[in-house]
Every structure is written in structure tokens, then in C-alpha cells.
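Subject: Structure for you to look at

Hello,

Here is the structure I promised to pass on. Please open it first, then read my notes beside it.

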Amino acid sequence: MKQKRSTYAIYARKSSVDETRQVQSIERQLGDLQRVIEEEKLHVSRRQYVEEKSAFKLGRKVFAELVKATKKGKVNCWLCWHPNRLARNATDAGKIIQLMDDGFLLEIKTPTKTYYNTSNDKTFLMIDLTFSKRDSDDKSEVVKSGMRKRYERGFPPLGFLMLRGYGDSPLSS
């Protein structure tokens, strides 16, 4: 049986499109991945999949393109900085594992770990993806709690403008 050649797709993602936040995130990820490519002499597809969108919600266009390219056989391995760059929701995590189960995705490599298409590695990958979702859920709860406390202290929700002389907020007088 002929072994498939490993062709890697590079995937990098930052959560925010705001230029002042996570300024070096994509550049840093790509730099770390380039070192892995050079050290391990990986065969990489010409296309880089770079996205500036949160992985907490569904509907990431670039991730969908990566999945499509994998199903078409253009790539069969993924290279990313950390599994949390790939998914922070259960649906996308399930898609990744399903690609492995169906034989389209042979491995996911990060600078510190390689997840092969084996029962153990898929389990560890799913655990890491689940922790990524948990981290996002925890951050959401912390933000909601902070917003409630802010409101209870008389401050408006972020995004609202308080005008002097209106309402009884400590900001108006």
C-alpha cells in the first residue's frame, strides 16, 4: 500500500481584528511555525490559512476553507501554534476529529506536540480542544460578572454614553 505524502497546511488565528490588540499574534505564530518547518523539513502547501476571527462561534470562513482543502486531499496534515487556534467550540472540535476518523487528516503538529491519527492522540487532542472551549466559557463568565458589578455600581454598560444631568449615575452631576 502506498503511503500518502504528508502535506501540511499552516493555520494561524487571532481572535480580534482590532489593530491595537494582539498586534504580534499572527506574526509570532507564523514565525514559530516557520522554525518547525525548517527544523523538520516539512512539505507545506503554498497557501497559508490566516484568520482574524474568534473561534468561539461557528462560521469562520478561513477555517471552513481549510476543512474543504483537507477533504479534497490538497493537504492532509495541519500545522498550528496550539490546538486552541483551531477550535474553541464543540462543533469545530468534532469536525477536526471526524476528519481524522475519516482518514482525511493524518496529524496536527504544533511547536510542542504532534497529534497523530491514533486513538490516544485523538483523545488528547479532544481534551486540549475541550480545555480551549472551557477557557473561552470561563472568560465569558468573568466578563459578564464584571459587567454586572459595573452596572450595580451605577455605571452604564460599556458602549453607552452618560450625559451630565441625566440619570443618577456617579458619572452624571
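Start at the beginning of helix 4. There, a side-chain oxygen of Asn89 comes to within 3.1 Å of the backbone nitrogen of Thr91. Keep in mind that this is a predicted model.

**Helix 4**

Helix 4 covers residues 90–101, twelve residues in total. From its first C-alpha to its last it reaches 16 Å, close to the 16 Å expected at 1.5 Å a residue. Six names to find next: Asp92, Ala93, Ile96, Ile97, Leu99 and Met100 are buried in helix 4. They sit on the same side of the helix, because they cover an arc of only 155° around the axis. Just after helix 4 comes Gly103, with a positive phi of about 85°.

**The whole protein**

Now zoom out. The protein has five helices and five strands. Along the sequence they follow the pattern β-α-β-α-β-α-α-β-β-α. There are 173 residues, and 36% of them are buried. Take the contacts with a separation of 6 or more: residues 24 or more positions apart account for 60% of these. The accessible surface comes to about 11,100 Å². Carbon and sulfur atoms hold 54% of that surface.

**Helix 2**

Which residues of helix 2 are buried? In this helix, residues 61–71, they are Val62, Phe63, Leu66, Val67, Ala69 and Thr70. Their arc around the axis is only 165°, so they lie on the same side of helix 2. The face turned away from that buried side carries the exposed residues Lys61, Lys68 and Lys71.

What do the buried residues of helix 2 pack against? Their partners are strand 1 (8–14), strand 2 (44–52), strand 3 (77–80), helix 3 (83–86) and helix 4. Just after helix 2, look for Gly73, which takes a positive phi of about 85°.

**The cores**

The largest nonpolar core has 23 residues. Within this core, Trp78, Ile96, Ile108 and Leu125 touch the most other members. Strand 1, helix 2, strand 3, helix 4 and helix 5 (119–152) each give two or more residues to it.

Take Leu125, and leave aside its neighbours within four places in sequence. Leu125 is then in contact with Pro83, Ile96, Ile97, Met100, Ile108 and Tyr115. Next, go to Trp78 in strand 3. Is Trp78 buried or exposed? Trp78 counts as buried because its relative accessible area is 0%, and the cut-off for buried is under 20%. Trp78 and Lys109 are 31 residues apart in sequence. In space, their C-alpha atoms are 6.2 Å apart.

**A lysine to check**

Last stop: Lys41, in the loop between helix 1 (25–40) and strand 2. Phi of Lys41 is near 50°. That is a positive value in a residue other than glycine. Lys41 is exposed, since its relative accessible area is 72% and exposed means over 50%.

Best wishes

How values were computed: Residues numbered from 1 in each chain as written. Predicted model: local features only at pLDDT ≥ 70, side-chain atom pairs only at ≥ 80, totals over all residues. Heavy atoms only, no water. Helix = DSSP H or I, 4+ residues; strand = E, 2+ residues; numbered from the N terminus. Expected span 1.5 Å × (residues − 1). Buried < 20%, exposed > 50% of the residue type's maximum accessible area, 1.4 Å probe, protein only. Arc of directions from axis to C-beta. Polar contact = N/O pair within 3.5 Å; in protein donor to acceptor, adjacent residues only side chain to side chain. Contact = heavy atoms within 4.5 Å. Core = buried A, V, L, I, M, F, W, Y, C linked by side-chain atoms within 4.5 Å. Areas by Shrake-Rupley, 256 points an atom, 1.4 Å probe, with all protein chains shown as cover.
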